[in-house]
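Hi,

Here is the structure I said I would pass on to you. Have a look at it first, then read my notes below.

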Amino acid sequence: MDKEQENTEDCKDKLWHPACTSLFLLVALTLSLSMQAQEYKFIDYEANVLHYDSASPSMQAFFDRWQRVMTTGSGNLNIVHIGGSHVQAGVLSNTIRCRLLATYPDRIASRGMLFPYSAAARCNNPPDYRIHCRERMILTRCIAKEHDYPLGLCGIAVTAADTLTEIQVVMNEPTVDYTTDRIVVIGHSDEEMVPLLHIDGREIPPSYIARNTDRYVFNLTTPVDSFAIILPCRQGQQFTLTGLFLGNRHAGISLSAIGVNGAAVPDYLRCRHFVRDLRMLHPDLVIFGIGINDAVPTNFDTAAFRQNYLSLVDSVRAANPDCAFLFVTNNDSYRKTGRRKYAVNTNGQLAREVFYRLAHDVDGAVWDQFEVMGGLKSMDQWRLAKLGRPDRVHFTTTGYRLLGNLFCDAFLDALANASNRQKKKPANNDIHIPEL
């Protein structure tokens, strides 16, 4: 009997426990997600593989580490997914997160890094956690050429000023136990104002403060799945919050999603504390999904795009030299040319070639989202199937879930192949830079 079966049998023999509910919800989620495959004729399911060189030491080291953590139950696998609006929306990343955790239900680690997007007006929040803030907060995003406040890994900040501000954080994913006993508030105040936590009617000060890294660390005696951050600003005081980290002592998989609406690769390069914050996560794998905004201009410069990405890779390696990289190609998309008029954006093909070159350059992997979707002009078919939005750039909730499921199919297949060294990898897994 494997460990998942043992956990199920334990649940039957005891009074019903929330952990049992989570386990069965995870199993049900896995089954429902797997049933989405082979449903749409325009999707190229045969192209749904990870492309990487068979002899890649970087990818093989990551797969080996994955196998050790899954087998021994000790240590952590930290994945960071970085992108633009596709990632900020949260559905894609959370589908990947939940699918991986449903596959390895006894390897659920911390929720990792997140950001209270909807603490600011007209800023959308991922659905797997809820944010409520009555006070008006000032929003700063990395897409601006100049920032009022230094930004970190999240590429975004909210600032409280002149009044006491309370940000409520509530986990909203029923299939996963994301209780936390270590909360890190990342932010700064010129007035050295100190944030507090509000839990069960008590105000809790930080366990310690690391001002050199702008971290306020709260070590809790009892794990929680909801709390409030109090920023006690008085007249003339302000506090800029640039990220939250929710940790615990559990070994296993952690996936942090970093996304900013409208962000391109140079926008993350302008974040002064990107490397500093990423060191806290110590990523084993970074999934890069930035590029849809870079490829909007008609004069898209592929050489500059590639060079900017290589600089971003260098930033990640400054945080962890052993990190592996997985590039997600741009989705097929259209440009708006007038009222209800759109033209296909052929830059998606150009960007696709760059992603393959990048994977070759940095010993990484590619998930060819562009080809899997069906290639050029496929977004119209996704839209007609109610998987793509009318803007012909973004996806519906169902579309994002399908993409997340397809990604996981390819990712889990690559893991299965890597776990059996005697099994020959499919030839089409090797990186071949596509010709246009």
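The buried residues of α8 are covered by, among others, α6 (265-269), α7 (274-281), β16 (285-289), β17 (324-328) and α9 (347-362). Contact here means heavy atoms within 4.5 Å. Helices (H or I, at least four residues) and strands (E, at least two) are DSSP runs, numbered from the N terminus.

Before going on, note that this is a predicted model: local features need pLDDT of at least 70, side-chain atom pairs count only at pLDDT 80 or more, and totals for chains, interfaces and linings use all residues. Residues are numbered from 1 along each chain as its sequence is written, and side-chain values use heavy atoms, with hydrogens and water left out.

Which residues of α8 are buried? They are Phe 305, Tyr 309, Leu 310, Leu 312, Val 313, Ser 315, Val 316 and Ala 319. Buried means under 20% relative accessible area, exposed over 50%, and partly exposed in between (1.4 Å probe, protein chains only).

The expected span is 1.5 Å times one less than the number of residues. For the 18 residues of α8 (residues 302-319) that gives 26 Å, and the end C-alpha atoms are 26 Å apart, so the two agree.

**Cavities**

A cavity is a set of points, on a 1 Å grid over the protein atoms alone, where a 1.4 Å probe fits but cannot get out; lining residues have an atom within 4 Å of a point. Grid points are joined across faces, edges and corners, and a volume is the space filled by probe spheres set on the points. There are three cavities of 30 Å³ or more.

The largest cavity holds about 160 Å³ of space. Its lining has 18 residues, with His 86, Leu 92, Gly 289, Val 328 and Gln 369 nearest the centre. Helix α12 gives the largest share of that lining, three residues. By class, the lining has ten nonpolar, eight polar and no charged residues. Here Ala, Val, Leu, Ile, Met, Phe, Trp, Tyr, Cys and Pro count as nonpolar, Asp, Glu, Lys and Arg as charged, and the others, Gly among them, as polar.

The second largest cavity has about 90 Å³ of space. Among its 14 lining residues, Arg 97, Arg 111, Pro 126, Tyr 129 and Ala 257 lie nearest the centre. This lining includes three charged residues, and α5 supplies its largest share, three residues.

**Cysteines**

The structure has zero disulfides (pairs of cysteine sulfur atoms within 2.5 Å). Cys 133 counts as buried because its relative accessibility is 14%, and Cys 233 is buried at 5%.

Cheers

Technical notes: 1 Å grid on protein atoms, 1.4 Å probe; cavity = no way out; pocket = protein on both sides within 12 Å on 5 of 7 lines; lining within 4 Å.
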